[in-house]
Amino acid sequence: MWVPKRIILFNVIKIKKQHFLKFSRPFTYSASPAAVATTTTTSSSDDDEDRRFDSYKAVDLLYSLRNEPNRALSFFRHLTNQGFQHDVSTYAAIIKILCIWNDNFALVSMFSDIIARNTVEIDDLWQAITEEQNYPTPSSIRVAHDALIKSYANVGMLVEAYNALFLTSRRGCVPDVWTCNYLMNRLICDGKVDMSLTLYRQLESWGFQPDMYTHSIVLKAYFKKGCVEDAINYFDELVTLPDAFCRSTVIEGLCTNQESGMGFQILQRWREENFPILIYAYTAVIRGFCHEKRFDMAEKVILYMEEQGIIPDEDCCSAFINGYCKVGTLEALIKVLDFQDNMLSKGLELNLKSFSCILQCMSRLGMYRDVVNKFNEFKSQGRVIDKVLYNIGIGALCNIGKVDEALVIFDDMKAKEIKLDVMHYTTLMNGYCLRGEVLKARELLEEMEKIGVEPDTVTYNILARGYSISGQTSDLHHILDCMEKRGLEPDEVHNTIIEGLCVGGRVKEAEKFLDDLKKKSLDNYAALINGYCEKNHLKDAYKLFDRLAEERKLVKKSSCHNLFKNLLRIGDNDKAKEMFKHILCLGTECPTMMYRELILAFCRDRDMNMARDCFDDLLLRGTPDVYIYTIMIDGYCKKNCFQEAYRLFEDMKTKNIYPDVVTYTVLLHGYPTDGNKEKIFEDDICKEMRELGVSTDLKYYTVLIDKHCRTHNVDKAIRLFNLMIESGLEADVVTYTILMFGCKIMGDEEKTKSFLDEMLSKGMGDACTSSILEHATNKRCQYRKQRRSLPAAG
């Protein structure tokens, strides 16, 4: 293509203050037919001065600007903007100039543009830019080579980047170490770990000199493959002393391969040997232990850091908090809040992500009022609040019925010009639906559609549930039509409608809606089972489950579990067991939770034969956890079958299932009262607990104190109480009441009053305590009568 010369001279560049009459070249330029394509289009201009402006002239212009690379690049880009079609020769010219000036950023941009536009063949271009007469040293080739590799990698063409590395290998030119590191790392991140290791071996054969970052990347590759032993061997064979980053890679690699214990041990050893350790290594160990659900060890890492005078940074705190919050239990949350208070006392504030994680955990536990209080406290401190945290606050307010306050926050976000998305609208819609104000939820839907926020399946799901529960069934078809127009699958909404109709007391309408569906799925039936359970129609739910099971169809596990636990709740253990058998017969593995609940139900009914059948079945299919073993041991103890309980206790240890404090508490409480033998047994158990590092807790002491009080061994109970206080545990109202009950029965009014005064001084005690003590007085009378009658009976 040609461009009028006057445009080039007057409008394009004013690099010099005169026309370009002669063009000088910085070095000899030769172009082969394979490498250069010239344009031979004739001019159709009516002006003689508008002669053909071709690639030869463009190249000459570029070479004349060899000492002014920025102007050369501006000229090149302006030619492009004027519609000039660059070929191999012009691209080669500008690339050579940029290489001379080592302008890596511009080179990567240029190569990326060539790759994206696919304007010339890279092989032809490379042939043109690597002509020996134009490159006095290999360093210029390396600059272009590095830029080409990075350009391929930046656009995700990693195989092409890999192949590009071999372009200069025949000339004995090894790419820059940073380029090799960059490509190897990108290959690993893209899952091409073997290719990365192969590349490293090839580079070694070329005489490549790796740096410490290269070694870290190789270690990362081995760990990514799960080759822990190869990684350790590679690390041990390093000639250069590894730096802190390299050591952190080893520790993180071990932790990601479920070897956090080994990682922690190595970290401690290196610390003792005064090797540099990045705080990131501690973060990796904490994250690893949390991922392995070894939260006690994660706590030990934090304590170890404190002992070493290392203050955890934000990432370290986040790893600990996020790991615990994923557990989702109240106990885990308490630990997180204690940890938060500890960090705040040291002047370390949690980052936004960790704080959001805590509030989400509290929301999952239904602690919405606490979430609102913490959100408001955080906001009052003037801290930055992101869209996620705003949504958590709005959701919590909606769940406690304070939709108007949620709307204030919603409007506040608008006033601050925070871009609201579908998440915020859907959360507020849910609040209106929970309050039965479906019309306002519908208005929100219309508002979001007006401003261009696309509703998703969750949005329609919320609205469908609101309409179903409130009985506005005529609008349900409108929702389904809207979803169809937007190309959204309605399956999940069908399930919501079925379940919502049941919740709203319209079970017959739910059944009809399911019958009218042209295409039914097992999830639809699961929704009906959930709906039946919600309205306590358990006979209908079991009947539907049984019918599907006869057809060898099984609804999803969550619905099975829902029906199962409801059957156990009403004491229908027979149907629960039949349901259990159906699931097993259909070749589906029952969740451990269902085994646990069924065994627990039979143990509560003292039906240890049925409990043992379920337990043995679980043994055939897998290994029971410590919780199930503890349930069985407790069941046998309560049936006075201590020998069976103890056999199970020994069996779990042979299977490397370590008893916890609850297991030991159950076993000690269940041991028959037998004087010296009981004392020996207790001493042996306590010794074993110390050896295994099992810490005693308040419940442990309370159960044992209760046992001794009930067997009238109050002196032993008081010794245990004192031992508990010495260990740093605080007695609660239950412990005090049990101890006073025991003292009262034995007629020790002085000790009873002493414990009562101590308890009241701590702000404990209520009407229930007085009632229990009155009951103890009556028991005392009965106990004295029994003792008087013993000689006569003898």
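## Salt bridges in a predicted model

Asp651 is partly exposed, at a relative accessible area of 22% (buried means under 20%, exposed over 50%, and partly exposed in between, with a 1.4 Å probe and protein chains only). Its partner in a salt bridge is Lys655, with 2.8 Å from N to O, and Lys655 is partly exposed too, at 36%. A salt bridge here is a side-chain nitrogen of Lys or Arg within 4 Å of a carboxyl oxygen of Asp or Glu. Elsewhere, salt bridges with shared partners tie Asp404, Arg435, Glu437 and Lys440 into one network.

A quick word on the ground rules. This is a predicted model, where local features need pLDDT of at least 70, side-chain atom pairs count only at pLDDT 80 or more, and totals for chains, interfaces and linings use all residues. Residues are numbered from 1 along each chain as its sequence is written, and side-chain values use heavy atoms, leaving out hydrogens and water.

| Salt bridge | N to O distance |
|---|---|
| Lys335 and Glu299 | 3.3 Å |
| Arg621 and Asp617 | 3.0 Å |
| Asp651 and Lys655 | 2.8 Å |

Helices are DSSP runs (H or I, at least four residues), numbered from the N terminus. Lys335 is partly exposed at 31% relative accessibility, and Glu299 is partly exposed at 27%.

Arg621 and Asp617, by contrast, both belong to helix H34 (residues 608-621), four residues apart, or about one turn of the helix. Arg621 is partly exposed, with a relative accessible area of 48%.

Methods:
Helices (H or I, at least four residues) and strands (E, at least two) are DSSP runs, numbered from the N terminus.
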